[in-house]
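I opened the model today and kept notes as I went. The entries below follow the order in which I looked things up.

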Amino acid sequence: MKLTALRLHNVRRFAGRGVAVEGIGDGVNVLCAVNEFGKSTCFDALHALFFQPHSGTPGAVQGLRPYSGGNPLVEADILTGQGAFRLTKQFYGGRRAMVRELGSGRLVAQADEAERFIANLVQGGTTGPAGLLWVRQGITGIERRAKSDEEGEKRARESVLTSVQGEVESLTGGRRMAQAVADCEEELSRLVTATGRPKAGGPYAQAIEERDRLVETERRLSAEVRELREALDKRRSLRARLAELENPEQQATRLREVTQAEAALTAARAHGEALKTAEVEVALARNRLDAARQALDSHCRNWARFAVLRDLDTDGRRKRDEAQARQRAASEAGQVAATAVDTAEREEREARDLLSRLEKSLRARDAAEHLAGLLQSHAKAEAGRAEVEAIQAELKAIALPANAVKQLEAIETELVGLRAVVAARVPLLRVDYRAGVTGAVGLDGVALGDGEERSLTRSAGLEIEGVGRLTLTLPHGRDGHDELAQAEARCRALLATLGVGSLVEARQRESAIRDLTGRLGLAQQRLALLAPDGLAALRETIARLEAQSAGSVEVKGDPEAVRGALAMAEARVTASRNAQREAQSARDAAGALVVSTERALASVASELSGLAAMLGAEEGRQALDMQLAAALAEADAVFSAAQAQVETLRAGATDLAGAEAKFRRMRSVVDAAAAEIATMREEAAGLNALIGARSNDAIEEAWQEASDKLAAAQKRLAGLEREVALLTRLRDALEAARAEARDHYFAPVMGELRPLLGLLFEDATVTFDEETLLPRTVSRNGLEEPVGVLSGGMREQLAVLTRLAFARLLAKDGQPTPVILDDALVYSDDDRIERMFDALHRQASNQQIIVFSCRQRAFAQLGGNILRLVPWVPEG
Amino acid sequence: MFRFIHSSDLHIGKRFGSMPEELRGRLRDARHTVLDRLAVQARAGEAGTILLAGDCFDTETPSPAMLRQALAAMAGHAPLRWIMLPGNHDSLLADELWAAARAALPANVLLATEPEPIELEPGIMLLPAPCTTRRPGRDLTDWMDRAATPEGALRIGLAHGAIQSFSEDGVGLDIIAPDRAARSGLDYLALGDWHGQMRVNARSWYSGAPEPDRFKHDEPGRALLVSLAGPGAAPEVVPVETGSFDWRTLPLDLLSGDDAAAVLAERLPSGSLRRQSLLRVVATGRLRPQARAGLDAAVAAVTPEFAHLVLETEGLATDCESEDLDAIDRAGALRHAADRLLAESLDESRAAGERQAARDALVRLFSYCEGMPS
C-alpha cells in the first residue's frame, strides 16, 4: 500500500476549512513546516482514518474535533495491489465511512464494510500483513498513548513477523509454554526464592527446619536415653553392691572380726602393761644391786684408806716434831744474831760519835782562826766603806750633769759673741766730769764715774743732780740686747741649775769630781778585796764562825784512827745484820714447815677421825663386812629374779601395733561399709529420682518416635530436594528453549535491522521483547542496557530503524508499506538526522516514507519529495 | 487337655514416629486394644491362659499410664490368666518397668521373670527364659534341658529370641537351639521376637505379632491357639486373627504399555477395608510418561481412603517415545525443552542425580501439559 494524498476538513485547527497534501510519491516525502502549522493534525487525522471506527467518539476522535464543534472529515487516496482507492471518514454528525475506487469513483464499500476494508489494509487481516507503520514522538514513550493504539501497532508488527516466520505461538510454545513456565515457577516459588535459597515459611524451608529440629530433639533424647541406661546400669551395680554389703552374714562376720580384734588388742595391751611393770622392777633391782655393790666397795676402800692415813698420821707427826725442833734452833740463832747486831751498832755509834766530836772541835778551832782574820778584814772593809760613802756623798754634792760644762762653755762662747755684738751696737754713755764734779750724774740711781762708760738701755733715767731727771728712750731691736739677755738668762738659768756661779767654777768642780771619782774607784777596789762578797756576807761568815768557834770543847784524838775504827764498826754492823737476816729466813722456813706439817697432819687427822667414825669400832668391823656382802648377794638375787620375769614376759609378748592395726582395719571395714551403704543409698536415691523422671516421660518411646520422625523428615526433605532439583531443571530447560525460540523468531527482523543499526551505531545488537515485539535491550561494547534508559535521541532513532526493518520485511514479502514519521527525530542531532536520512533514502527505493517535521533547516538539505499543505474544499 | 493362646511382640507404647501425625494415635491405640482381641480369641477358643512371649512393651520405660492401662486391661479379662515374659525390648534390665508392674500386678497376671519352672496348674509346668539384657549373648533356654518337673507333667517352654540366623532386629547372635523342644522334652515351645507367624517344628512356633507394626511380613496380625492333649502328644496349633490394622505391600510389576492406574485399581483392597489398611505400593518395571503420570494421579486419588498409602517408584523406569513427547508439543520451544530433557535423562555420561532430575522434570512437564487444553 502507498498513500498518494491526504485531505482533511473541519479537523481541529482547521475549523470550517480544509487542507490537502497532494502528490505523495514513492521514496521519502517530507512535510516540513513550523510548529502549529498542522502537521500533527494531519498525522492524527490520518491515524484516525485508519484506526478509529467512524461510528465511535473515543478520545482520539474527540481530539480531532475543533473547539467550535463540527464534523471532522478525513480522506486519503491509496494505491494497493488491488488498485487505487479513496478512503473517506466523517466523525460525529453525518458520520460515515466509505471506500471508492479512485479511477472510477465507484463506491467499493461503506460503513462497516468500509471499516473492514480499512482494517484489512492496516492489520493484515487475511490477506497479508499490516499495511502501515507509524512512528511518532509518542512511540518513544515520552507521551502517553491510548492502549488500543499500542495494541493496533503491535498487532501490525506481529503480523509482519508471522508472515515471514510463522505463528509466534507455534515457535515459542506460546500459551502452553507460558503455562508450563508459570506452573513450574509457581511450584518452585513455593519452595525456593528467586536465588534458589529455601523460601522462608515454604514447605522446603519448613522441612529443613523440621529436620534440624528433629536432629536436635533426637540428639537430646538419645543423650537422655543413654543417661537413663547408664543410670539404670549404675543403680543395678549399686544395688548389687548394697545387697552384698547389707548381707547379714557378712555384716555379722565383720562385727565378729571387729570384736575379736578388739579382744586381742585388749589382751595385748594388758601384757604390755605387765611387761612394763616388770621392767620397772628390774630397773629398781638393778639400782639396789648397784647400791649394795657400791656400799661394799666403799667400805673396802675406806679400810684401805684408813690404813694409809694412819701411816700418814704417824709420818706427819714425826715431820711436825722435826720442824718444831728446827724452828726452835732457828729462833735461838736469831737471838744470837740480834745481839750481835746490837753490839755492832752500839760500837759503831760510839765510833761515830767520837769522830763527830773530834771533827767539831777541829772545826771550831779553824773557825776561830778564820774569825780573827775576818774581823780585821771587816773593820777595814767598814772603814773602806765609810770612805766610799764619804766620797760618794761628796761626789753627789758636786756632781754635774754630763755635758753641763760643755753646754756652759757653748753658752759662754755665745755670750761672748753676743756681748761683742751688743758692745758694738750699744749706745754708750760716758760722762767725763768736769773736773771736779763727781758723781753728779747718776744713771738709774748709780752715779756715774768719770770717764766711765755705760751702755744705755732702752730707757734710762739720768739723774743729774741738780738738773733733774733725764729719760732716755731708745728704740727697740737690732741692738742684740734681747738675744744677749736671753742668752744670759739661759746662762744664768744653767748656772743656777748647776749650782755654780760661773764657768770657771764649773770647771773647778769638774776637776774636783774627777779627783773624787778616782778616789772612789780606789776605795771601792779596796773594799772589794776586803769583802769580795759584800759586807753582809762577810758579816754573816763572821757570825757563823763566831757561832762555831763559840762553845766548842777541845777533843783529843786522831781523826784518822777514829775514822778507821768507825769503818770497822760499820762493817761489823753490816755483817751482823746479814747474819741476822739469814737467821730470820731460817726461822721463817722453819715456821712455814711447821705450819704445813701441822696442816697436813690436821687434814689426815680429820679424815682419819672421820673414817674411824665411819668404820666404827674395831670389833664390829668384821660383822659389817659380812653384812654388806650379804646385802649385795641378796640384791643380786632379786635382780636376777626380776630379769628372769621380764625375759619371760618378753618372750610371751604379742604384737601390740599389729593388734591395733588389725583392730583399726576391722573397725574401718565396718565403718567403710556403713559409709558406703549410706553413700550408695543416697546415690541410689538420686538415680531413682532420675530414672523415675525419665521413665515417667517414657523417654525411650519418645526417642524412638523422634528417630522415626527424623527419618521421615529426612525422607521428606530428600523428596523436596529432588523436587527442587526437578523444578529447577525444568524451569531452566523451558527458559532456555524459549529464549532460543525467541531468538529464532526475531531473526528475520534482526537481519533487517542489523545493517540499519550499523549506519548509526557501531557494533550494536538488539534483543526484542516478546510482548511488544519492539527492542527491549541494546548491547553495545558488551554492555546490555534496557531501551528505557537510553537517551531520547537513541530511542527515537532505534524506533525509526525498527519500523524501517519491519517495512523492509514487508517489502521483501511483496507488500510495501508506508512508514509515517511524525516529528520522530526531535532529539537527534543534525549529523544523526543526516545519517538517518541516508538510511531512509536507502530504504526508499521501493518504500514509501512520509516524514512530518518542524525542523525545516535540518531537513531542507536532506532531499526527498517536498510536500505542502494546500487549501481544500471537500466535494459537495 | 490344656489350651492357651500363644502371642508375643505386642510392642505396647510404640509411637510410629515416621507415620503421619493423624495415624499415629490410631496405630498406637491398636496396640493396646489387641489385648482385648487376644482375650476374645482366648474365650472363643476356650483357653484360660495367654502366654506373651516377650516384647509386650516397646521400650524399657513405657510411661506409667501405658503400663497401668495394659495391666488394667488384662485385669479386666479375669479370670483369664496372662503370663508376661521379658523380651529383648523389655528385658530384665528394665528394672523400673518390672518393679512398677510388680507393684501394680493384678491377680490374674504372672510375670515370668525368673528362669525357674512355674506350675500353672497341677501337672502343667511353664519353663520361662526371660531376656536378661537387650542382647544376652547366649542361649537362655539352655537351662530347660536340666529343669526338673514332676513326672507326667506338661512342659511348656516360653522364650524370646532368634532361632536361626535371623532376628527381628537384624542381629542374630543369641540363637536359641532350634531343637530346644526336643532336647528339653518340651511339649511346646512358645517363641517370640519374629513378628511373622512361623512354625519352626511341630512343637516350636513363633506366634508373630498380634498387631502388625511394619510392612515386612505382609500378613495379618495373628496369634496361636494351642491345645495340648497331654504329655508327649502332638500339639494342636491353630492361628487366630487378632490384628486391627492390615499392613500390606502391593507389588506392581508394570510393562511399558500397561495402564498402571487400571492395574492399581484392580488390585486395591475393597473399600471397607481401606480405613484399616496401610498399603505400600511398590511399582517396578517400565511405564510411558502418561501412564506414569496416571499412576501418580490414581495413587493420589485413593490415598485419602487408606489409613496410609505410599507409592514407591524407585524400581520404575519411564520410557519415552516420540509420540509421548508429542503429547507435550509437536514442535516449538516446549517440544525442544522436552527433547533436551529426554536426551539428558538418557545421557550416561551425566551424573545420576542430573539424569534423575532431567527424568523427573520430563515427567512433571508431562503432567503440566496433560492438564492444558491442546
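I started with Ala111(A), which is found in helix H3 (residues 111-123) of chain A. Helices here are DSSP runs of H or I with at least four residues, strands are E runs of at least two, and both are numbered from the N terminus.

Ground rules, before going on. This is a predicted model, in which local features need pLDDT of at least 70, side-chain atom pairs count only at pLDDT 80 or more, and totals for chains, interfaces and linings use all residues. Residues are numbered from 1 along each chain as its sequence is written, chains are lettered from A and ligands numbered from 1 in the order in which they are written, and side-chain values use heavy atoms, with hydrogens and water left out.

Entry: backbone. I checked phi of Ala111(A) and found a positive value, near 50°, in a residue other than glycine. Most residues other than glycine have a negative phi, and most peptide bonds are trans. Ala111(A) is partly exposed, with a relative accessible area of 34%. The cut-offs are under 20% for buried, over 50% for exposed and partly exposed in between (1.4 Å probe, protein chains only).

I then went to His11(B). Its phi is also positive, near 50°. Is His11(B) buried or exposed? His11(B) is buried, with a relative accessible area of 1%. I placed His11(B) in the loop between strand S1 (2-7) and helix H1 (21-44) of chain B.

Next came a peptide bond. From Ala78(B) to Pro79(B) it is cis, with omega near 10°. Pro79(B) lies in the loop between helix H2 (64-76) and strand S3 (81-84) of chain B.

Entry: chain B as a whole. I read off 10 helices and 15 strands. The C-alpha trace spans about 90 × 40 × 35 Å along its principal axes. Of the 374 residues in chain B, 56% are buried. I also looked at charge: the mean positions of the 39 positive and 54 negative charges are 2 Å apart. Lys and Arg count as positive and Asp and Glu as negative, while His and the chain ends are not counted. Each charge is placed at NZ of Lys, CZ of Arg, CG of Asp or CD of Glu.

Entry: the interface. How many residues of chain A are in contact with chain B? I noted 46 residues of chain A against 44 of chain B, contact being heavy atoms within 4.5 Å. Arg176(A), Glu701(A) and Arg729(A) supply 22% of the area that chain A buries against chain B, more than any other three residues. Buried area is the accessible area (1.4 Å probe) that two parts lose on being put together, summed over both.
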